[in-house]
Amino acid sequence: MTENRFIETVKRNNQRLFVIAFSYLKNRDDAEDVLQNTFLKLWKSNVEFSDDESVDKWLTRVLINNCKNFFQLSFRQNKSIEEVYDVSAFDEYFNIDLYNAVMSLNKKERLCVILFYYNDLPIKEISQITGIKESTVKSLLKRSREKLKQSLGDEWIYEQ
């Protein structure tokens, strides 16, 4: 991978991958560390990618694996949303109540919601990236929507 292509890939994926890492780790510093390690693996890899979509999928899979591996470390500490509010990757769509409700979901539900709603990935791709069966992804999304509706009440708007 050329230096220019690497830089373009980092710029294209940085924000998206940070949201995924933060949803897993719930800590800005840890998410940034895992994200940096993920990009480092890309830089050091000898993998040839046919297109940008292939690189993006590979990065997502590596990031998720890095997040899972990070949970094995015992020195983690969680920070509140107020401590990371300024780095929200939800931009103009940011809603603190929705964010807190999503972050209160369990890891698998949270990951599926982030990949489906914020990264616009279809269920089949979420299944491939996470290693979770398609039927389970559907169930997790359904359960998550129900929890979000219960948590947010009238604020929750979901179009089927």
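**Alanine 31**

I looked up what alanine 31 touches, leaving aside residues up to four places away in sequence, and found Phe18, Ala21, Phe22 and Leu25. Contact here means heavy atoms within 4.5 Å. The model is predicted, so I noted that local features need pLDDT of at least 70, that side-chain atom pairs count only at pLDDT 80 or more, and that totals for chains, interfaces and linings use all residues. Residues are numbered from 1 along each chain as its sequence is written, and side-chain values use heavy atoms, with hydrogens and water left out.

Where does alanine 31 sit? I found it in helix H2, residues 28-44. Helices are DSSP runs of H or I with at least four residues, strands are runs of E with at least two, and both are numbered from the N terminus.

Is alanine 31 buried or exposed? Alanine 31 counts as buried because its relative accessibility is 0%. Buried means under 20% relative accessible area, exposed means over 50%, and partly exposed lies in between (1.4 Å probe, protein chains only).

I also checked valine 19, twelve residues from alanine 31 along the chain; the two C-alpha atoms are separated by 8.4 Å.

**Lysine 26**

I found lysine 26 in the loop between helix H1 (3-25) and H2. Its phi is near 55°, a positive value in a residue other than glycine. I noted for comparison that most residues other than glycine have a negative phi. Lysine 26 counts as partly exposed because its relative accessibility is 28%.

**Helices H6 and H7**

I looked up how H6 (residues 107-118) packs with H7 (residues 123-130): the angle is about 130° and the axes are 10 Å apart. That angle makes H6 oblique to H7. Angles under 35 degrees count as roughly parallel, over 145 as roughly antiparallel, 65 to 115 as roughly perpendicular and the rest as oblique. Axes are lines fitted to C-alpha atoms, for helices over the stretch in contact, and angles run from 0 to 180 degrees between N-to-C directions.

Which residues make the contact? I listed Leu111, Cys112, Leu115 and Phe116 from H6, and Ile123, Ile126 and Thr130 from H7.

**Whole chain**

I counted eight helices and zero strands in the protein chain. Of its 160 residues, 42% count as buried. Among contacts with a separation of 6 or more, 68% are between residues 24 or more positions apart.
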